[in-house]
Amino acid sequence: MKKLLFYCSIVLLLNGIDVNASSLPSNISHLKSPYDFTVAADGTGNFKTVQEAINAVPDFRKTPTTIFIKNGTYKEKLNLSASKKLVKMIGESVEKTILTYDDWAQRKNSFGEEKGTSGSASFYVYGDGFSAENITFQNTAGPVGQAVALFVAGDKAKFTNCRMLGFQDTLYTYGHGSRQYYYKCYIEGTVDFIFGSSTAVFEECEIFCKKGGYVTASSSPDTSKYGYVFINSKVTGDASDNSFFLGRPWRPFAKAVFINCNLGKMIKAEGWNNWGKESNEKTAFYAEYKSTGSGANPKSRVPWSHQLDETTVKEYTLDMILNGWNPKE
């Protein structure tokens, strides 16, 4: 029995769960949690709220700060400022660790002014080197217009096994020039639910289309070669057949590429939309490579889009897209 308690205590410690040190054998009572901070709504961690843990991170720290978040629904409007660098958040489980809020663009602030799209976000990430694992980012405002669940401005942002839940404008890749990487994530929405000016890679992700709309609304600048790149991902959903475009250009030089992706039947045969401006057709870059599924119709795509070949697809390695940053290290 003592051996069983001994090993159970070690497992609890390694998972960031507090145990009474006095009940442990003297030779292991000095062991500490592998996390810098633990957040638990029930008071069993260092903090009850996520924002308190963020605030406790030293400004401009050069060493990663890890925050373990226990299962729970944390309704907070969160802001990780630019001075909070190299912050890593790890949820206990992606389905039950939920960071959520319910603002939307037309909602009024304390001065009676509309919050706007940027003001609607549930979580703002400005600090460079941010990463998250096993966390759900959510906006529960519903189908009321723009309502951002996650707003990412910092450079080298990485999300692994996370969910982004919302309707219109779910994920705002806001950072001009920032590099973002999403791996095995689930992102859902309706209109323009992945949008912004950042360079972002979505690898082995599920993109879930609700109702009808546009998967992407890139606003990449003319100085950036890469915008959104989806690799080995799948576009699914419960939207009606032929009700979704893969993208439309929020700004003239929008860029989105789908490589080896499975596209569902909700994707329109023409694939891409020019947002009502023929001039966008000359500046935007939309492309696919070996799309599969009922939504893959290369011969029916708009003539101003592209199909990559064995040579041009070689320009889409992680190293090239993310300009030397390897998020897998």
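The backbone oxygen of Ser-240 lies 2.6 Å from a polar atom of the Ser-243 side chain, a polar contact in the sense of a pair of N or O atoms within 3.5 Å, where one must be able to donate a hydrogen and the other to accept it, and where residues adjacent in sequence count only if both atoms are side-chain atoms. This is a predicted model, in which local features need pLDDT of at least 70 and side-chain atom pairs count only at pLDDT 80 or more, while totals for chains, interfaces and linings use all residues. Residues are numbered from 1 along each chain as its sequence is written, and side-chain values use heavy atoms, with hydrogens and water left out.

Let us stay with Ser-243 for a moment. You will find Ser-243 in the loop between strand E19 (234–237) and strand E20 (244–247); strands here are DSSP runs of at least two residues, numbered from the N terminus. Ser-243 counts as buried because its relative accessibility is 18%, and buried means under 20% relative accessible area with a 1.4 Å probe and protein chains only. Setting aside residues up to four places away in sequence, Ser-243 touches Lys-211, Gly-212, Gly-213, Met-266 and Lys-268, with contact meaning heavy atoms within 4.5 Å.

From here, step over to Thr-190 in strand E15 (residues 186–196). Lys-211, Gly-212 and Gly-213 are among the contacts of Thr-190, and they are also among those of Ser-243. Beyond four places in sequence, Thr-190 is in contact with Phe-167, Gln-168, Lys-210, Tyr-214 and Phe-244 as well. The Thr-190 side chain reaches the backbone nitrogen of Gln-168 at 3.2 Å. With 8% relative accessibility, Thr-190 counts as buried.

Next comes Asn-139, which sits in strand E9 (residues 136–139). Why does Asn-139 count as buried? Because its relative accessibility is 4%. Its side chain reaches the backbone nitrogen of Ala-141 at 2.9 Å. Leaving out residues up to four places away in sequence, its contacts include Tyr-101, Asp-102, Ser-120, Ala-147 and Leu-165. For a sense of distance, the C-alpha atoms of Asn-139 and Ser-279, which are 140 residues apart along the chain, are separated by 34 Å.

Now for the nonpolar cores, each a set of buried Ala, Val, Leu, Ile, Met, Phe, Trp, Tyr and Cys residues joined through side-chain atoms within 4.5 Å. The largest has 57 residues, of which Met-89, Phe-123, Phe-137, Phe-159, Tyr-182 and Phe-202 touch the most other members. Tyr-182 touches Phe-159, Met-164, Leu-171 and Phe-202, among others, not counting residues up to four places away in sequence. A second, separate core of 16 residues includes Tyr-181, Val-201, Ile-259 and Leu-322.

A whole-structure search finds 1 cavity of 30 Å³ or more. On a 1 Å grid over the protein atoms alone, a cavity is a set of points where a 1.4 Å probe fits but cannot get out, and a pocket is an open set with protein on both sides within 12 Å along at least five of seven lines; lining residues have an atom within 4 Å of a point. The largest cavity holds about 30 Å³, and strand E21 gives the most to its lining, with 3 residues. The largest pocket holds about 400 Å³. Of its 16 lining residues, Gly-129, Ser-131, Lys-156, Lys-158 and Trp-325 lie nearest its centre.

Notes: Grid points are joined across faces, edges and corners, and a volume is the space filled by probe spheres set on the points. Helices (H or I, at least four residues) and strands (E, at least two) are DSSP runs, numbered from the N terminus. Buried means under 20% relative accessible area, exposed over 50%, partly exposed in between (1.4 Å probe, protein chains only).
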